[in-house]
Amino acid sequence: MTVKEIRKLCEGFDLLGFEKIRLTGGEPTLRKDLIDIVSAVSDLSNLKILALSTNGHNLDKLARPLREAGVNALNVSLDSLDPVRFKAVTGSGRFDSVMRGIESALESGYDSVKVNAVLLRGITELDISGFIEWVRRDLFLFDSLN
């Protein structure tokens with residue numbers, strides 16, 4: 001869809017009273033016009049939450065521009081806290097980039113940053129205690145400083 005088509009669709013949702021729009025599907029941060037899309041829909045009259053779901057691969061570069069354009073909530077997928085398991089599950093060696101993206105998002109002033117982890121039996125279930133400790137140590141600590 002073009003930016004204009006997305007705006008038109010979102011205007012329809014706005015007329016129906018929708019207060020939340022989530023940009024997702026595939027990987028939205030791969031779109032070169034993502035900031036234009038966000039800017040085009042962020043000013044709708046009923047809109048209270050403009051959310052984005054991402055795998056975080058480009059979030060380290062886009063967290064601040066997306067926030068400035070109007071996204072106020074993020075959902076970031078993080079398949080493992082172990083770079084080797086992360087690569088095995090995602091096929092990508094971009095673990096460090098995703099972690100930098102989450103950190104950048106937390107520093108960019110979003111109303112909500114959620115990290116989505118799907119634990120897979122026999123693969124990433126080993127990460128559960130690491131996720132709990134990471135959230136407790138890094139995310140809650142970060143939240144208390146702001």
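Visitor: Which hand does the crossing of α2 and α3 have?

Guide: A crossing is left-handed if the near helix is turned anticlockwise from the far one by less than a right angle, and right-handed if clockwise. Here, the crossing of α2 and α3 is right-handed. Keep in mind that this is a predicted model, where local features need pLDDT of at least 70, side-chain atom pairs count only at pLDDT 80 or more, and totals for chains, interfaces and linings use all residues. Residues are numbered from 1 along each chain as its sequence is written, and side-chain values use heavy atoms, with hydrogens and water left out.

Visitor: At what angle do α2 and α3 pack?

Guide: Axes are lines fitted to C-alpha atoms, for helices over the stretch in contact, and angles run from 0 to 180 degrees between N-to-C directions. For α2 and α3 the angle is about 20°, and their axes are 8 Å apart. Angles under 35 degrees count as roughly parallel, so α2 and α3 are roughly parallel to each other.

Visitor: Which residues of α2 and α3 meet?

Guide: Contact means heavy atoms within 4.5 Å. Leu-34, Ile-35, Val-38 and Ser-39 from α2 meet Leu-62, Pro-65, Leu-66 and Ala-69 from α3.

Visitor: Is Ser-97 buried or exposed?

Guide: Buried means under 20% relative accessible area, exposed over 50%, partly exposed in between (1.4 Å probe, protein chains only). Ser-97 counts as buried because its relative accessibility is 9%. This serine lies in helix α5; helices are DSSP runs (H or I, at least four residues), numbered from the N terminus. Leaving aside residues up to four places away in sequence, Ser-97 touches Gly-56, His-57 and Asp-60.

How values were computed. Helix = DSSP H or I, 4+ residues; strand = E, 2+ residues; numbered from the N terminus. Parallel < 35°, antiparallel > 145°, perpendicular 65-115°, else oblique.
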